[in-house]
Amino acid sequence: MATVKIITLTVLVAGTLASLLPDPVVGQNCGCAPNLCCSRFGYCGTGNDYCGDGCQQGPCNNGGGGSSSGVSVADVVTPDFFNGIIGKAASGCAGKNFYTRGAFLNALNSYPRFAQDGSADDSKREIAAFFAHVTHETGHFCYIEEIDGASKDYCDESNTQYPCVPGKGYYGRGPIQISWNYNYGPAGQSIGFNGLNAPETVANDVVVSFKTAFWFWMNNVHSVMRQGFGATIRAINGGECGGGNSGAVQARVGYYTDYCNKLGVSPGDNLTC
């Protein structure tokens, strides 16, 4: 199963920006005051650093997706749509009794900018892209944790901002299979759990699990949707691109086009990376 490996630079930039912003207030689950924006890095404040590109919640300006398509994600992700995915998982799969549409919608409340930028068709394409990657990463919601993940080393010791805790494994967990200490650390800070000391929370709390998927998506994938589905593959697992794993790329594209068809929207251009 493919796992998510993200270049450390993204998180380093996040940490650098956070340190430069004036007296930021970390909003658990983006729980900022109504007059404040929640930045792409999970901080509350005003101005373009908070309300501009990647703004997740609050009075975001147009550059951060302030205009909304008006599409209700809950109306698009119907029980039939969600169950049509998880229904293909084998009965013995751990995720079969873990992932639920209710938990997905609960987590979505903390990320109101998801699938809201652009036209109604743009929103449906983003929803299709999200579930295409989730389907591939988890095997139709079969897996909560990466296969043999505990045997793999996902500790970037050079990242001193989010140091690894001895005995803890930062392998893939959840719908997007978040991995590495430099993802678990900031995800935990933004969502409100101890990502470095208790990464297993992602496999034990289904709402937190979906929130990590949304956190990763809004910070790394949402902004490239306009470039086509291929750009989302690069954002999630660029190692598959350029011949790295053409089978995985085609599998993701297959799920995406299938879900676009189900949602009655064209998949657009630039499908592969």
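Which side chain does Arg252 meet in a salt bridge, and at what N to O distance? I looked this up before anything else. Arg252 meets the side chain of Glu240, at 2.8 Å from N to O. I count a salt bridge when a side-chain nitrogen of Lys or Arg is within 4 Å of a carboxyl oxygen of Asp or Glu. The pair links distant parts of the chain, with Arg252 in helix α11 and Glu240 in the loop between α10 and α11, 12 residues apart.

Basis of the entries. I am working on a predicted model, in which local features need pLDDT of at least 70, side-chain atom pairs count only at pLDDT 80 or more, and totals for chains, interfaces and linings use all residues. Residues are numbered from 1 along each chain as its sequence is written, and side-chain values use heavy atoms, with hydrogens and water left out.

Accessibility of the first pair. I use buried for under 20% relative accessible area, exposed for over 50%, and partly exposed for in between (1.4 Å probe, protein chains only). Arg252 has 0% relative accessibility, so it counts as buried. Glu240, at 4%, counts as buried too.

Other salt bridges. I find nine salt bridges by this rule. Lys152 forms one with Glu146, where the closest N and O atoms are 2.9 Å apart. Lys152 is partly exposed at 40% relative accessibility, whereas Glu146 is buried with a relative accessible area of 5%. Lys168 forms a salt bridge with Glu200, the closest N and O atoms being 3.3 Å apart. Lys168 lies in the loop between α6 and α7 and Glu200 in the loop between α7 and α8 (201-204), so this pair ties together parts that are 32 residues apart in sequence. Lys168 is partly exposed at 32% relative accessibility, and Glu200 is partly exposed at 28%. I also noted a network of salt bridges that links Asp122, Arg125 and Arg226.

Helices. I take helices (H or I, at least four residues) and strands (E, at least two) as DSSP runs, numbered from the N terminus. In helix α7 (residues 181-191), 10 of the 11 residues are buried, so the helix is largely enclosed by the rest of the structure. Among them are Tyr182, Tyr184, Pro186 and Ile191. Just after α7, Gly192 takes a positive phi of about 110°. Helix α10 (residues 229-237) has eight of its nine residues buried, so it is also largely enclosed by the rest of the structure. Its buried residues include Phe229, Ile233 and Ile236. I find the buried residues of α10 packed against α6, α9 and α11 (246-263), where contact means heavy atoms within 4.5 Å.

Annotated position. An unreviewed UniProt entry places the feature "active site" at Glu137; such annotations may be inferred rather than shown by experiment, and UniProt positions are given in the numbering used here, with feature names shortened. I find Glu137 in helix α6 (residues 120-138). At 0% relative accessibility, Glu137 counts as buried.

Rings. I pair rings of Phe, Tyr and Trp (its six-membered ring) if their centres lie within 6.5 Å; planes under 30 degrees apart count as stacked, over 60 as edge-to-face and the rest as tilted. The structure holds 23 aromatic pairs. One of them, Phe130 with Phe214, is stacked, at 5.2 Å centre to centre and 10° between the planes. Phe130 is in helix α6 and Phe214 in helix α9 (residues 206-220), 84 residues apart. Both Phe130 and Phe214 are buried.
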